Amino acid sequence: MAEGIALGRERREVIASRAFADRLERGDDIHFLAGHDFNKPLASRSAGTLDLSETDEALTINARISADMGQVSYVRDFLSAHAAGLVRGLSPGFRVRPGGETVEERGNAILRTIKAADLIEISAVTKPAYSQAQIEARNWQPIGEVAHRLTHRPAAIRWR
């Protein structure tokens, strides 16, 4: 839920359960990006490196970043920033479908509910609009030179 103050009134936005169902169920291509930048793709459905599932509770993504992609400078930057705890948020890039939203007053607040939207991309960001949208790294594997050093140690290394 994004919150802000406009004209003295609190504004909130909520994405309803299964709001992205249409494009997800059709299998349309969706990208996982660094910072909403289509010039910095991390994974995509069409490449077979991004899986998305939507339940009543959450939209879940599973992105796989290959060792080859790990050689790309912006991917290394993203992985390093995430490992340092600097990039932990997720932000959906979407277009609200015609009739796909409601806006209502709730006390002193204005609540916008997204009921139907076309999900275009999901981005790793430093500060997400929806505080619950977080990256959880599972099964990080070393890539590139780090992986090489870990798997190709000279036999003469001694520890004291």
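How many helices and how many strands are there in the chain? The chain holds 3 helices and 10 strands, where helices (H or I, at least four residues) and strands (E, at least two) are DSSP runs, numbered from the N terminus.

**View 1. The whole chain and the confidence of the model.** This is a predicted model, in which local features need pLDDT of at least 70 and side-chain atom pairs count only at pLDDT 80 or more, while totals for chains, interfaces and linings use all residues. Residues are numbered from 1 along each chain as its sequence is written, and side-chain values use heavy atoms, with hydrogens and water left out. The pLDDT (the predictor's confidence in each residue, from 0 to 100) has a mean of 81 over the chain, and 78% of the residues reach 70 or more. Over residues 1–6 the pLDDT is below 50, and this stretch has 20 contacts in the model beyond near neighbours in sequence, a contact being heavy atoms within 4.5 Å. Residues 145–160 also have a pLDDT below 50, with 2 contacts beyond near neighbours in sequence. Where pLDDT is low, the predicted coordinates should not be read in detail.

**View 2. An open sheet of 4 strands.** The strands follow the order S4-S3-S10-S7, with mixed pairing, and two strands pair if DSSP finds at least two bridges between them. Strand S4 (37–44) and strand S7 (89–96) are the edge strands, each pairing on one side only. From one strand to the next, the twist averages 35°, with axes taken as lines fitted to C-alpha atoms, for helices over the stretch in contact, and angles running from 0 to 180 degrees between N-to-C directions.

**View 3. Strands S7 and S10, and the helix across the sheet.** S7 pairs with strand S10 (residues 117–125) in the antiparallel sense over 8 bridges, and Arg 95 stands opposite Asp 118 in S10. Helix H2 (residues 73–83) lies across strand S3 (31–34), S4 and S10, and runs at about 70° to S4.

View 4. Ser 44, which lies in strand S4, is buried, with a relative accessible area of 6%; buried means under 20% relative accessible area, exposed over 50%, and partly exposed in between (1.4 Å probe, protein chains only). The side chains of Ser 44 and Ser 46 are joined by a polar contact of 3.3 Å, that is, a pair of N or O atoms within 3.5 Å, where within protein one must be able to donate a hydrogen and the other to accept it, and residues adjacent in sequence count only if both atoms are side-chain atoms. Leaving aside neighbours within four places in sequence, Ser 44 is in contact with Asp 29, Ile 30, His 31, Thr 49 and Leu 50.
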